[in-house]
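Open the model in your viewer and keep the selection tool ready. We will go from stop to stop, and at each one you will hear what to pick and what to look for.

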Amino acid sequence: MKKYELMSIFKPNLDAEEVDKLIEKIESVIKDFGGSVESTDKAGRKKLAYEIQNFRDGYFSTMILSLPADKVAEFKRQLRLNDNILRTMFMESAKAGV
């Protein structure tokens, strides 16, 4: 399994508990696909460089995860289906040994 890094921006009109539930839901989807989450960093609410879907800020979260290569496309599709996620960036982890 390869290691990946997922950065997500959630809608700012959610409260902290809802954001935590969304992160837990993403983690459970990763586990359902046979992957694992190594770390989750919640950066909190930050101002965006430009407007996304009429929002000027959002809740940022970064995850380091492992996922089977054949499940990556379906995982990305699941992320796109979630209306509370403004933007995601999913990439192979550049951190060696992480």
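Select Arg-77 and Glu-74 to begin: being 3 residues apart in helix H2, they are separated by about one helical turn. Their side chains meet in a salt bridge, 3.1 Å from N to O; the term stands for a side-chain nitrogen of Lys or Arg within 4 Å of a carboxyl oxygen of Asp or Glu. Arg-77 is partly exposed at 37% relative accessibility, and Glu-74 is partly exposed too, with a relative accessible area of 27%. Here buried means under 20% relative accessible area, exposed means over 50%, and partly exposed is in between (1.4 Å probe, protein chains only).

A word on what you are viewing: this is a predicted model, in which local features need pLDDT of at least 70 and side-chain atom pairs count only at pLDDT 80 or more, while totals for chains, interfaces and linings use all residues. Residues are numbered from 1 along each chain as its sequence is written, and side-chain values use heavy atoms, with hydrogens and water left out.

Now show the whole of helix H2, residues 72-81. Helix H2 lies across E1, E3 and E4, and runs at about 160° to E4. Such angles run from 0 to 180 degrees between N-to-C directions, with axes fitted to C-alpha atoms, for helices over the stretch in contact. Helices (H or I, at least four residues) and strands (E, at least two) are DSSP runs, numbered from the N terminus.

Next, colour the strands. In what order do the 4 strands of the open sheet stand? The order is E2-E3-E1-E4, with antiparallel pairing; two strands pair if DSSP finds at least two bridges between them. Strand E2 (36-52) and strand E4 (85-92) are at the edges with a single partner strand each, so one side of each has no neighbour in the sheet. From one strand to the next, the twist averages 20°.

Zoom in on E2 and strand E3 (residues 55-67), which pair in the antiparallel sense over 11 bridges. Pick Ser-36 and you will find it opposite Ser-66 in E3. Then bring in helix H1 (residues 16-32), which packs on the sheet and touches strand E1 (2-10), E2, E3 and E4. The direction of H1 makes about 30° with that of E3. Contact means heavy atoms within 4.5 Å.

Stay with strand E3 and select Ser-61. Is Ser-61 buried or exposed? Ser-61 is buried, with a relative accessible area of 2%. Not counting residues up to four places away in sequence, Ser-61 touches several residues, including Leu-6, Phe-10, Ile-23 and Thr-40.

Move to strand E1 and pick Tyr-4, which counts as buried at 6% relative accessibility. Leaving aside neighbours within four places in sequence, the contacts of Tyr-4 include Met-63, Leu-65, Val-72, Phe-90 and Glu-92.

Lys-2 is partly exposed, with a relative accessible area of 44%.

For the last stop, select Arg-45 and Asp-57, a salt bridge whose closest N and O atoms are 2.7 Å apart. Arg-45 is in strand E2 and Asp-57 in strand E3, 12 residues apart. Arg-45 counts as partly exposed at 45% relative accessibility. The structure holds 5 salt bridges.
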